[in-house]
Amino acid sequence: MPDEDLDILRAFFHEVNVTSPETRALFAAMLSQVRRKARAAIAEPPSEAAARIAGQILAEGIADLGTRIDASTVAAMRAYFEAAPIYAGHTTEDSDLVARDFEVLRRTSHYGCYDRRTILGCPHLVEIANDPQLLQIAEAYLGCPPTIYHINAWWSFAQAGTAASVSQSLHRDMDDLRFLTLFIFLTPVGPRNGAHRYIKYSHDKTVLTQVLKAAGWQDAALQALVYPLFLGDVYDASAKADALLGQFEMVWTGPAGSAVLADTHGLHMGLPLHEGERLMLWVRYGLGPNHISFGGGTGEFAAMLNPRLPQTARARYINRLLLTD
């Protein structure tokens, strides 16, 4: 397909994503069903534990996975990133791609990030992303075999407790019609150095409506106050969202190696740091390519990634955007 048509297709799905939660849910269900039928040969039923975790995310938007990575693996990953070139920004897509000194960034920036080659070359990271149980959870949640469409690793730094312009106020991610994000701490995180905050039930309008009606909310109040919070990324209504729904917060802290899986279309944020720093990574699982996904390149990372992946049709499908970036 020509690049122009691919761009139009991605733009179309983005428009569907932001039009209304009902339209988004309808197209997500249709696309999931089509992909499930097309990839029936590589589908994998979830274990009982994976189905339970997927059910929790369906109900609340997030599931705490506990400590997912052992201390020696975390140490190797952190040492790798500490030795790599680092850039200002939350992601390299938002960076000027000028390598900076780590200590300078720590003093002057909210974030430091890494380029794709560095991220994909990190020991253990791609293997963690392809953990069979995580893939089963994602598949059960999405309704079809998942696509790993983005991976990121970044530092957050304390800047006198001030909030960054992105990610440190309540917002929605708008990547895909349905998706999950795996977050992993690679440094210990407490209340003052970058705890992650999630508003439970905010991932799904129907779920949140049921919760609020059970709490006594009336239709008129829902229509006027809550439903507009499902349109767009909500950065401009973060304070309003907090006032209305902050009671449902989950604040995630934990040792290095801790992980959560969340539908980050739900309202979430990183709390501004008051001290120290935080190294964190995400892996995003979705229905397929979207407007922020990897893929569409020359396949320059395939030689590096192929030896680390299972040599199966399922693995090739799940990782196809990484292999063709």
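Guide: A residue counts as buried under 20% relative accessible area, as exposed over 50%, and as partly exposed in between (1.4 Å probe, protein chains only). Of the 325 residues of this chain, 52% are buried by that rule. The model is predicted, so local features need pLDDT of at least 70 and side-chain atom pairs count only at pLDDT 80 or more, while totals for chains, interfaces and linings use all residues. Residues are numbered from 1 along each chain as its sequence is written, and side-chain values use heavy atoms, with hydrogens and water left out.

Visitor: What does the secondary structure come to?

Guide: The chain has 14 helices and 11 strands. These are DSSP runs numbered from the N terminus, helices being H or I with at least four residues and strands E with at least two.

Visitor: And how compact is the chain?

Guide: Its radius of gyration is 19 Å, close to the 20 Å that the globule rule gives for 325 residues, so the chain is as compact as a globular protein of that length. The radius is taken over C-alpha atoms, and the rule is 2.2 Å times the number of residues to the power 0.38.

Visitor: What box do the C-alpha atoms fill?

Guide: Along the principal axes, the box is roughly 55 × 50 × 45 Å.

Visitor: Changing topic, how many salt bridges are there?

Guide: A search of the whole structure finds 18. A salt bridge here is a side-chain nitrogen of Lys or Arg within 4 Å of a carboxyl oxygen of Asp or Glu.

Visitor: Which residue forms a salt bridge with lysine 205?

Guide: Glutamate 22 does, and the closest N and O atoms are 2.6 Å apart. The pair links distant parts of the chain, since lysine 205 is in helix 9 (residues 205–214) and glutamate 22 is in helix 2 (residues 21–38), 183 residues apart.

Visitor: Is lysine 205 buried or exposed?

Guide: Lysine 205 counts as buried, at 18% relative accessibility. Glutamate 22 is partly exposed, with a relative accessible area of 43%.

Visitor: Where do aspartate 131 and arginine 68 lie?

Guide: Their side chains meet in a salt bridge of 3.0 Å, N to O. Aspartate 131 lies in the loop between helix 7 (125–129) and helix 8 (132–142), and arginine 68 in the loop between strand 1 (62–67) and helix 4 (71–82), so the pair ties together parts that are 63 residues apart in sequence. Aspartate 131 is partly exposed at 23%, and arginine 68 is partly exposed at 27%.

Visitor: What about aspartate 242, which residue forms a salt bridge with it?

Guide: Its partner is arginine 197, with 2.7 Å between the closest N and O atoms. Aspartate 242 belongs to helix 11 (residues 238–245) and arginine 197 to strand 7 (residues 196–199), 45 residues apart, so this pair too links distant parts of the chain. Arginine 197 counts as buried at 8% relative accessibility, whereas aspartate 242 is partly exposed at 29%.

Visitor: Which residues are linked in a network of salt bridges?

Guide: Glu44, Glu139 and Arg314 form such a network.

Visitor: Where does alanine 262 lie?

Guide: Alanine 262 is in strand 9 (residues 258–262), and it counts as buried at 0% relative accessibility. From alanine 262 to threonine 67 there are 195 residues in sequence and 16 Å in space, C-alpha to C-alpha.

Visitor: And is aspartate 7 buried or exposed?

Guide: Aspartate 7 is exposed, with a relative accessible area of 52%. This aspartate is found in helix 1 (residues 3–19).
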